[in-house]
Number of protein chains: 4
Amino acid sequence: MNTEKIKEYFLNDKYAELVGIKIVDVKEGYCKTEMEILPKHLNAAGTIQGGALFTLADLAVAVAANTRGQLSLSIQADISFIKGISKGKVYAVATEVSEAKKIGNYEVKIKDESGDTIASFHSLIYRKKDKLPF
Amino acid sequence: MNTEKIKEYFLNDKYAELVGIKIVDVKEGYCKTEMEILPKHLNAAGTIQGGALFTLADLAVAVAANTRGQLSLSIQADISFIKGISKGKVYAVATEVSEAKKIGNYEVKIKDESGDTIASFHSLIYRKKDKLPF
Amino acid sequence: MNTEKIKEYFLNDKYAELVGIKIVDVKEGYCKTEMEILPKHLNAAGTIQGGALFTLADLAVAVAANTRGQLSLSIQADISFIKGISKGKVYAVATEVSEAKKIGNYEVKIKDESGDTIASFHSLIYRKKDKLPF
Amino acid sequence: MNTEKIKEYFLNDKYAELVGIKIVDVKEGYCKTEMEILPKHLNAAGTIQGGALFTLADLAVAVAANTRGQLSLSIQADISFIKGISKGKVYAVATEVSEAKKIGNYEVKIKDESGDTIASFHSLIYRKKDKLPF
């Protein structure tokens, strides 16, 4: 696995770019993403929209899963919201629950700058037979 | 309940605006949202990013839950991805699984223009004691 | 598909037998199960234990998924508890969210005798290449 | 908190008794349960039924949540199945994702005797105002 190639590949994620998510660390079965909360991320109540946190975590899983060399697609994800915040940076760290199989199982902790967990996320991915295009 | 006021309130959701989601129908415990898939919504594989579909469904639940008159916050949501698409419009319809309580239970079907279900979504919300600010 | 064979096959589910679950209706992609709440199903608070409701729904999905002719295994399930009850019959009805694929998507409504939804359940199954053993 | 009282209280869970689940360790916000797989736990395919693993994890969360002194009820749970097994002991360890609040967030790892994760589980609980009855 070439973590630089993985990062480069995910630069093509236009939606992650729109939301403003950065991939900050990649290892086998692991990824950390970050995002700075801006006015564009807020919901009607003035706190960060759940969809922005979802995408932060979802991208971390996509990268972590694809480090395994096969094209991996998300089939399911769930997120629990613990604390509402309105500014600062947020971080998502994705790790593997079990070693790589046909169906991969990932968990993500989403934290704010003070280290508090603001949301938790879990996801199942499906590994296709296709190799990654690089 | 005044559905026009509800729609107006959710125009303050800056993230939904960024993503390009419209609220097209609101009734008691019900909401339909829509989004036209644009290049900005695509992931690295060229299909619509899960986070965009999540937000489409999440906003539908937020609106449907808040028609009940009390401020409602999402505490949990899960989404399953069924079909990957790259263009056209997508629609999310949120309905109540059970009548309004402290913890509300909503389900959402996300469909494409041909009527195929492309994702399913479920969410729990927590009704606060606060009335909506209007 | 032979619904009688399917029912017969699931009579081998020893755990469903222990819990006291009956398969009452089977069609393509559909199953209804029922259970009478007995003292053995109650938790420490005196209401039906979540695990009993989970099993009622899970069996309904297992049967519905296996009507498609290929061996299907549950890979994920989530359940939301809406109303706690202590007696009477409970019913679970499993239906397909989308037509049969490699990954199947099922939803289940769990109701009491009065028709109230007491829990909702969703599950993903994985269809193996193996045919069912009959 | 008196962990002995908690264990005693959960001896009243008739369903856990039926399934054969033991509470083996309790601390603040923590519980470990175990079960020996017996023929009564097997599904039609001869592996442990998902409902038995669900109950093992669910009880661990119920105990861990109730160590906080307030009556806690499960409102939602999801489980992912990773490895199918047919014999030996299985263990569930429940821990808190975030410190105690109105809505509690717990995660559970379910492992077999060799230490492999066979399922993962997450649950939300709702803390009522009522104190525990002891």
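**Entry 1: ground rules**

I count two strands as paired if DSSP finds at least two bridges between them. Helices (H or I, at least four residues) and strands (E, at least two) are DSSP runs, numbered from the N terminus. The model I am reading is predicted, so I take local features only at pLDDT of at least 70 and side-chain atom pairs only at pLDDT 80 or more, while totals for chains, interfaces and linings use all residues. Residues are numbered from 1 along each chain as its sequence is written, and chains are lettered from A and ligands numbered from 1 in the order in which they are written.

**Entry 2: a hairpin in chain C, then in chain D**

I started with strand 1 (residues 22-27) and strand 2 (residues 30-36) of chain C, which pair in the antiparallel sense over five bridges. C:Lys27 sits opposite C:Tyr30 of strand 2. Two residues lie between the strands of this hairpin, and C:Gly29 has a positive phi near 70°.

I then turned to chain D. Its strand 1 (residues 22-27) and strand 2 (residues 30-36) are antiparallel, with five bridges. Here D:Lys27 is opposite D:Tyr30, and D:Gly29 takes a positive phi near 70° in a hairpin with two residues between the strands.

**Entry 3: the sheet through chains C and D**

Which strands stand at the edges of the open sheet? I first wrote down the order of its 12 strands, 1(C)-2(C)-4(C)-5(C)-6(C)-3(C)-3(D)-6(D)-5(D)-4(D)-2(D)-1(D), with antiparallel pairing. Strand 1 of chain C and strand 1 of chain D are at the edges, each with a single partner strand, so one side of each has no neighbour in the sheet. From one strand to the next the twist averages 20° (axes are lines fitted to C-alpha atoms, for helices over the stretch in contact, and angles run from 0 to 180 degrees between N-to-C directions).

Inside chain D, I looked at strand 5 (residues 103-112) and strand 6 (residues 117-131), which run antiparallel and are joined by nine bridges. D:Gly104 faces D:Ile125 in that pair.

**Entry 4: strand 4 of chain B**

Strand 2 (residues 30-36) of chain B pairs with strand 4 in the antiparallel sense over seven bridges, with B:Tyr30 opposite B:Thr95. Strand 5 (residues 103-112) of chain B also pairs antiparallel with strand 4, over seven bridges, and there B:Thr95 is opposite B:Glu107.

**Entry 5: where chain A touches chain B**

I call two residues in contact if their C-beta atoms, placed from the backbone, lie within 7 Å. By that rule, 28 residues of chain A are in contact with 28 residues of chain B. Helix 1 (3-10), helix 2 (14-19), helix 3 (50-66) and strand 3 (70-81) of chain A each give two or more residues to this side. Strand 3 of chain A has the largest share, eight residues. I sorted this side of chain A into 13 nonpolar, 10 polar and five charged residues (Ala, Val, Leu, Ile, Met, Phe, Trp, Tyr, Cys and Pro count as nonpolar, Asp, Glu, Lys and Arg as charged, and the others, Gly among them, as polar).

Strand 3 of chain A also pairs with strand 3 (residues 70-81) of chain B, antiparallel and over five bridges. A:Asp78 stands opposite B:Asp78.

**Entry 6: where chain C touches chain A**

How many residues of chain C are in contact with chain A? I found six, meeting six residues of chain A. Strand 3 (70-81) and strand 6 (117-131) of chain C each supply at least two residues, and strand 3 gives the most, three. By class, this side of chain C has four nonpolar, one polar and one charged residues. Of the interface residues of chain C, 100% are also interface residues in chain A, so the copies meet through the same surface.

I also checked the symmetry: a rotation of 180° with 0.0 Å of shift along its axis superposes chain C on chain A, RMSD 0.0 Å (least squares on the C-alpha atoms of residues with pLDDT of at least 70 in both copies). The two copies are therefore related as by a two-fold rotation axis. In chain C, the C-alpha nearest the axis belongs to C:Gln76, at 4.4 Å.

**Entry 7: A:Ala119**

Is A:Ala119 buried or exposed? A:Ala119 lies in strand 6 (residues 117-131) of chain A and counts as buried because it has 27 C-beta neighbours inside 10 Å (buried means 20 or more other C-beta atoms within 10 Å of its own, exposed 12 or fewer, partly exposed in between, with C-beta atoms placed from the backbone). Leaving aside neighbours within four places in sequence, its contacts include A:Leu53, A:Ile79 and A:Ile110.
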